[in-house]
Every structure is written in C-alpha cells, then in structure tokens.
Amino acid sequence: MRYIDEFRDGAIARRLADQIAKEARGGRRYRLMEFCGGHTHALWRYGIVEMLPPEVEMIHGPGCPVCVLPIGRLEQAMTLARHPSVTLCTFGDLMRVPARDRRSLLQAKSEGADIRMVYGSGDALAFARDNPAREVVFFAIGFETTTPATAVVVKRASELGLGNFSVFCNHVLTPSAIAAILGSPDVREGRIKVDGFVGPGHVSTIIGTAPYEPFARDHGKPVVVSGFEPLDLMQSILMLVRQLNEGRHDVENQYARAVVRDGNARAIAVTREVFELRDSFEWRGLGTLSRSALRLREEFSAWDAERKWSIPYEPVPDHRSCACGEILRGQRRPTDCKIFGTACTPESPVGSCMVSPEGSCAAYYAYGRLRKKSEVEA
Amino acid sequence: MASKWGRKLDVENGRVDMSHGSGGRAMAQLVDEVFVAAFDNPLLAQRNDQALFDVPAGRMVMTTDGYVVSPIFFPGGDIGSLAVHGTINDVAMAGARPLYLSASFILEEGFPLSDLRRVVASMAKASRDAGVPIVTGDTKVVERGKADGVFISTTGVGIVPPRVVGPSGDRAAPGDVVLVSGTVGDHGVAIMSSREGLTFETTITSDTAALHRIVARMVETVPDVRVLRDPTRGGLSATLNEIAAQSGVGMRLVEKAIPIREEVVAACELLGIDPLHLASEGRLIAICAPDDAERLLSVMRADPLGKDAAVIGNVVADARRFVQIETTFGGTRILDWLVGESLPRIC
C-alpha cells in the first residue's frame with residue numbers, strides 16, 4: 001500500500017541496521033528513551049530491538065496516556081458513571097483498566113452504569129445532542145495529540161449552549177513528563193542513564209519541535225522527533241547515534257513529512273482558548289507534577305465535569321505487586337515485574353501498562369515472549 | 001386485502017407488537033405470511049412444532065449459532081443471510097454435507113415488519129441458493145428495549161460422507177500445511193464501515209457465503225483434510241490460536257502470503273486494527289498433510305469462493321503453542337489472540 005510499504009521495507013531496514021551498528025562505536029553505550037508507547041510497540045512489533053547492536057539500548061518511556069492515568073482519576077470516572085443520569089463516553093482502551101480492587105469500567109457497565117465506547121470526542125458530543133435527557137460526560141485523556149479535539153467539542157458545546165454535555169479532562173503534557181524524568185533523582189544521580197530521546201511524532205504534529213529545545217540545551221540530551229513506521233524509528237535512532245558521536249544535543253526532526261518546528265498554530269490556539277494549566281496533577285509512576293496537565297478555563301466551567309459534579313480526588317495506590325510505576329519511569333523492564341505474564345496478563349491485567357495497546361507490558365507480552373529462550377523446532 | 005386471517009398483515013408500515021409472540025392468531029398470521037411463505041418447503045408447510053425426516057446411516061453433525069450483528073443490514077449481506085451461511089459453514093467445517101436448518105427469532109417490540117420481511121427474504125434466498133431448507137422454527141417477541149430489533153438463532157444438521165476421515169481442530173501435526181480460501185477481514189471492515197459512530201467510505205462488502213460446496217470438493221479430493229475452520233470472530237489470528245491450542249502445536253505463517261485486500265489494509269491502518277483479527281464469514285482455513293497441499297490448493301482455486309486461496313504457512317512443533325508470523329519487514333512476531341472486544345456484535 002502506498003505511503004505504508006515504503007516505510008516498512010525490510011531491505012532498507014537491514015541497511016539502516018548495518019549503518020547503526022557501524023556508527024555505534026564500541027566503548028560507549030547509547031541509551032535512548034522512546035517516550036511514546038506507539039514507538040515502543042513499533043520497536044517490538046517489527047523486531048527492531050533485535051536488529052540493533054548491543055551498544056544501543058532502548059528505554060521505554062511514559063508516553064502512554066492510559067498507562068499514566070492514576071487510579072484516583074479512574075475512580076472519579078467510575079463515580080460519574082454510576083450516577084443514574086450520566087452517560088460516560090470513553091475510549092475503548094480505558095474500559096479494561098483496573099481501578100480500586102481491580103474493578104474496571106467494563107465491570108461497572110455490566111452492573112448497569114451507562115458507559116459507551118466512542119471513537120472520538122465528536123461522537124460524545126453528537127450523543128449528547130441526540131439524547132437531551134442524558135447527562136453526557138466525555139472521559140477525555142491523552143497527550144497534546146488529542147487535546148485539540150477535546151477543545152473543539154467544548155467550544156462547540158458552548159456555542160450550542162448544550163447543557164447536558166461536559167468533559168472530564170485528563171489531558172497531560174509531554175514536555176512536563178520529560179522534564180520530570182530528567183529531573184528525577186534516579187536520572188540526576190545516575191541510577192538511570194538516558195543519553196537521548198526519540199520524541200513522539202504525533203505530539204509534535206501539534207506542538208512542533210520547539211518545546212524540546214530547552215531540554216536538549218539545558219540537559220545536554222539530543223532529541224529526534226520520529227515518525228511511527230519502522231524505518232522512521234531506525235532512521236531516528238541513527239540520527240541520535242550520530243548526534244551523540246558528534247557531541248551534539250540538538251532537536252532534530254525526522255518526521256518532517258508531518259511535523260514543523262512551531263507546530264499546528266490553529267490547534268495550539270484552540271487548546272489555549274479552552275484549557276489552562278492545572279497547578280498540579282498526579283501521574284501514575286511519575287507522582288504529582290506541577291503544571292503538567294490541563295483543565296477547562298473558568299469561562300467553560302459549565303462544561304467541566306469536575307466543577308459540575310461532586311467528584312473529589314482521592315489518590316489510590318497502585319496494586320502492591322504491580323511495577324507499572326517503575327516501568328513508566330524507565331527504572332525496570334516489564335519482564336522484571338514479578339507478576340508479568342503470570343498474575344498480570346492482557347486478559348486479566350493488574351496494571352495499566354498491560355491493558356493499553358500502547359503499554360510497555362502489553363508490547364512485551366504480545367511480541368516479546370518470543371525473545372525468551374526459544375523452544376521452537378521449526 | 002383479505003387473507004385467511006382476515007385483514008392481511010400490514011408489512012409496509014406495521015411493526016412487531018407483543019401479540020405477535022402471544023401464541024394467538026396474530027402470531028399464527030405472522031408465521032404464516034412472513035416465515036412459511038418465504039421459506040416455502042414441504043416440511044415447514046406441515047406446520048408441526050418439529051420437522052420429521054429420514055437420514056442416511058453414518059455420522060451426523062449438529063451445530064447451533066446465535067446472530068446479533070449490528071447493524072442488521074450491512075454492505076454485502078444482512079443478519080438473515082449471515083444466519084444461514086454461518087450455520088451451514090459450521091456444519092461444513094466437519095467435512096459434512098448440510099441437510100437442514102432450523103431458525104429461531106427473537107423480535108423486539110416495535111421492529112418494523114418491513115425489515116423483518118427483508119431479513120426473512122434474504123434468509124430464504126440464502127437457504128434456497130445453498131439447497132439447505134429451513135424446516136422448523138420459532139418466534140418470540142420481547143418488550144421494547146429488551147432486545148435490539150431482531151436476534152436469530154439457527155441450528156444445522158448434516159452428514160459426513162463415508163470416505164471423509166473427519167477434519168477436527170485437534171488433528172494439526174508438525175509439518176502440515178496451512179491454507180486459506182481467500183482474502184481475510186472483508187466482513188469485519190464491511191461491518192465497521194456501517195457502524196454508527198464509525199461510518200467511513202469503503203467499497204468493501206462482506207464476504208458472507210455458504211462454503212459447503214467448496215468443502216464437498218475439497219474433502220472429495222483430499223478425504224483426510226486434518227482441519228477445516230472458518231475464521232469468524234477474532235479472525236485468522238484467533239482461529240489459528242484455537243487450533244494450535246487444540247492440537248498442541250505451533251504455527252509459522254508468512255505475512256506476505258496471506259491474502260488481504262488493499263482496502264482492508266487501509267481501513268485497518270486508519271483504525272489501528274490488525275486485519276488478522278477481523279472476521280470473515282465466507283472464508284475457511286484448511287490444514288492438510290504436505291503431500292496433499294498442492295491438490296487441495298488447486299481444487300480450492302477452481303471454485304469461485306476459493307479463487308484467491310493461498311498457502312500461508314506451516315504447523316510446527318512448539319510446546320508454547322505460539323502462532324508466529326514472519327513479517328514482510330523481515331522479523332518474526334507472535335500472532336496473538338485478540339484481547340478484549342474491539343468490535344462487539346460482528347455476527
């Protein structure tokens with residue numbers, strides 16, 4: 001298929017892998033964090049991890065919106081969903097994430113809560129217009145990629161004066177998460193070494209590449225904003241290796257077919273119009289980070305589910321055996337978790353990283369099991 | 001217009017009401033004017049609560065399936081044709097010749113009679129085209145909100161020809177060859193493209209079809225086909241994982257050998273879905289001994305429903321029962337079961 005096959009060409013991939021191996025010179029390591037869960041999956045799905053030389057190590061970052069949503073926020077959504085007048089509209093990924101006592105929205109739905117799976121914010125708005133007797137709440141999550149779509153429906157609801165629609169906003173910011181990782185004691189004190197970042201290309205279609213420039217400069221870490229096809233990732237890895245070899249720490253744009261330095265001005269404008277920074281927000285794994293998430297501005301408060309409904313936030317600790325937090329911080333790998341693949345599987349997940357199609361544990365489970373000692377006799 | 005029930009059922013504008021399931025005259029009239037008229041066969045016309053028929057000596061198969069697809073009309077088919085094809089196919093996957101079907105309808109109060117007639121006409125056509133009559137049935141009506149329009153259950157019986165060894169999911173052995181009869185995932189994309197909240201433009205139509213004729217030719221040519229199964233819910237991936245688990249083997253597939261329409265690939269890219277998880281309703285997977293593969297492939301390709309048939313991989317010994325796939329990119333990955341339910345009510 002055009003525009004797809006070109007980026008999945010196995011022969012070019014092998015040439016790129018050879019080039020990476022040639023340039024990743026012995027004697028030093030290249031520890032690269034791919035921030036985005038979509039990248040983690042592509043690395044595993046296409047077997048890129050196996051094609052890289054031992055000097056290049058990929059560290060999986062926290063860029064999975066479902067994974068970083070803390071249980072406390074899910075509990076708030078459950079509370080909303082149990083309200084008899086409320087229809088909660090949510091993305092399919094969120095339905096199976098275990099909250100307190102490993103209960104999920106899917107279970108709440110089976111017990112009678114009115115929860116509907118939608119494919120986008122527009123579906124939730126349309127449902128509210130078609131069902132004026134229901135209080136429709138859109139469970140909004142995601143990094144900057146999905147935020148403008150939520151902003152647009154809030155604006156539209158306000159233009160329509162739609163009183164039965166509101167948004168439970170959980171939009172979070174990529175630069176804040178990267179700053180939190182770089183500023184964490186583990187990284188500052190050298191327990192986790194990150195030499196460079198593969199930047200999330202979809203986020204940069206909105207925010208551009210400029211927001212990474214301060215990190216690259218202040219922390220001396222190169223960033224290459226990357227597309228999601230396997231050849232995109234391999235090229236980005238090669239670009240990072242070259243920067244590190246040359247002692248550079250620039251922000252480079254591999255995903256030039258979709259990303260420009262200053263991003264999408266209209267998307268940024270509508271986001272700013274509707275949302276403002278929260279003082280603080282809890283992230284699973286990363287803790288409570290200041291100015292790391294968005295909420296609706298005062299003038300749109302009528303469409304803010306948190307203001308409209310009484311759903312006080314109460315932090316809930318992760319399951320005690322679950323290592324999602326450490327995995328999201330890049331401290332441990334999914335296979336280091338003692339319940340990985342045993343008590344915690346995609347069918348019966350304990351932590352969010354096993355549920356989301358972008359979660360590291362789900363990627364290891366789906367694709368990584370093969371990499372264990374092979375028992376196959378072909 | 002008059003009928004033996006007095007006023008003829010207003011199929012154009014009428015709707016199912018509770019009296020249509022009450023056991024009274026209204027129900028008898030609905031059965032008579034909608035179902036018996038359309039399905040039109042001597043056994044049903046006897047109007048008994050069961051069908052009585054002779055069967056040849058030998059092995060019989062029996063299967064049952066419920067149909068709740070949403071929407072009930074979709075590009076290339078509807079719940080009625082699906083309910084006939086799906087059950088015929090389940091009988092056929094035992095290597096059997098389907099003989100008879102039953103059909104049970106759960107109707108929601110308020111369901112338009114015109115839609116019911118359309119569904120029933122489609123079932124009748126599918127059954128006639130397949131030569132497998134619907135010989136007994138049942139109708140129930142539930143209050144509005146207790147069902148969704150119409151749900152159909154069909155049961156099928158058939159006989160396995162004497163020469164046929166009997167394909168079964170536990171008979172795949174290392175070295176066997178895995179074949180598929182055509183492009184996979186068409187039905188899944190056809191349903192998704194017409195799903196509320198997800199409408200997108202596609203020329204893809206459902207592949208829903210009765211496979212018993214192609215199966216008859218396949219088992220005639222290769223009486224010891226090890227496994228036959230139609231990759232419906234969960235797609236090729238779930239079906240092969242089921243077989244791997246039943247037979248205690250692994251599989252190794254070649255991605256570029258699997259026939260998939262470009263439009264299906266495109267829709268899946270857009271939606272972030274793996275086409276190998278998407279249902280087909282008129283395709284089958286066959287597993288046979290290596291020596292039989294070439295003959296089986298040529299007999300499949302000679303049938304219109306198998307013109308795109310292909311060898312897609314092999315059965316391997318693997319204690320972990322992994323279905324692996326060699327990607328076009330050059331690596332190997334596990335083809336796993338679909339987790340959760342990305343697309344409910346596909347059939």
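How exposed is B:R295, in terms of relative accessibility? At 42% relative accessibility, B:R295 counts as partly exposed; buried means under 20% relative accessible area, exposed over 50%, and partly exposed in between (1.4 Å probe, protein chains only).

The legends below describe a predicted model, in which local features need pLDDT of at least 70, side-chain atom pairs count only at pLDDT 80 or more, and totals for chains, interfaces and linings use all residues. Residues are numbered from 1 along each chain as its sequence is written, chains are lettered from A and ligands numbered from 1 in the order in which they are written, and side-chain values use heavy atoms, with hydrogens and water left out.

**View 1. B:R295 and its salt-bridge partner B:D292.**
B:D292 and B:R295 form a salt bridge, with their closest N and O atoms 2.7 Å apart. The term means a side-chain nitrogen of Lys or Arg within 4 Å of a carboxyl oxygen of Asp or Glu. B:D292 is buried, because its relative accessible area is 13%. By this rule, there are 48 salt bridges over all chains.

A:D195 sits in the loop between α10 (185–188) and β7 (196–200) of chain A. A:R31 belongs to strand β1 (residues 30–36) of chain A. Helices (H or I, at least four residues) and strands (E, at least two) are DSSP runs, numbered from the N terminus.

Angles under 35 degrees count as roughly parallel, over 145 as roughly antiparallel, 65 to 115 as roughly perpendicular and the rest as oblique. Axes are lines fitted to C-alpha atoms, for helices over the stretch in contact, and angles run from 0 to 180 degrees between N-to-C directions. α8(A) passes α14(A) in a left-handed crossing. A crossing is left-handed if the near helix is turned anticlockwise from the far one by less than a right angle, and right-handed if clockwise. Contact residues include A:A151, A:V152 and A:K155 of α8(A), and A:V270, A:E273 and A:V274 of α14(A); contact means heavy atoms within 4.5 Å. A:E273 and A:K155 meet in a salt bridge (3.3 Å, N to O). A:E273 lies in helix α14 (residues 265–274) and A:K155 in helix α8 (residues 147–160), 118 residues apart. A:E273 is partly exposed at 36% relative accessibility. A:K155 is also partly exposed, at 24%.

**View 2. Helices α1(B) and α4(B).**
The axes of α1 (residues 25–39) and α4 (residues 113–130) of chain B come within 8 Å and cross at roughly 25°. The helices are therefore roughly parallel to each other. α1(B) passes α4(B) in a right-handed crossing. B:L30, B:V34, B:F35, B:A38 and B:F39 in α1(B) are the residues that meet α4(B). Their counterparts in α4(B) include B:L116, B:V120 and B:M123.

**View 3. Strand β6(B) in a sheet of 4 strands.**
This open sheet has the order β3-β8-β6-β7 (chain B), with mixed pairing. Two strands pair if DSSP finds at least two bridges between them. β3 (59–67) and β7 are the edge strands, each pairing on one side only. The twist averages 15° from one strand to the next. Strand β6 (residues 97–108) has 9 of its 12 residues buried, so it is largely enclosed by the rest of the structure. With β8 (residues 150–160), β6(B) pairs in the antiparallel sense over 10 bridges. There, B:Y100 stands opposite B:V157. β6(B) and β7 (residues 134–142) run parallel, joined by 8 bridges. B:A103 stands opposite B:G137, and B:I106 stands opposite B:K140. α1(B) lies across β6 and β7, running at about 140° to β7(B).

**View 4. The sheet of 7 strands in chain B.**
The order of this open sheet is β10-β12-β9-β13-β11-β14-β15, and its pairing is mixed. Its edge strands are β10 (227–229) and β15 (332–334). Neighbouring strands are turned by 25° against each other on average, direction ignored. β14 (residues 323–326) and β15(B) pair in the antiparallel sense over 3 bridges. Here B:E326 stands opposite B:T332.
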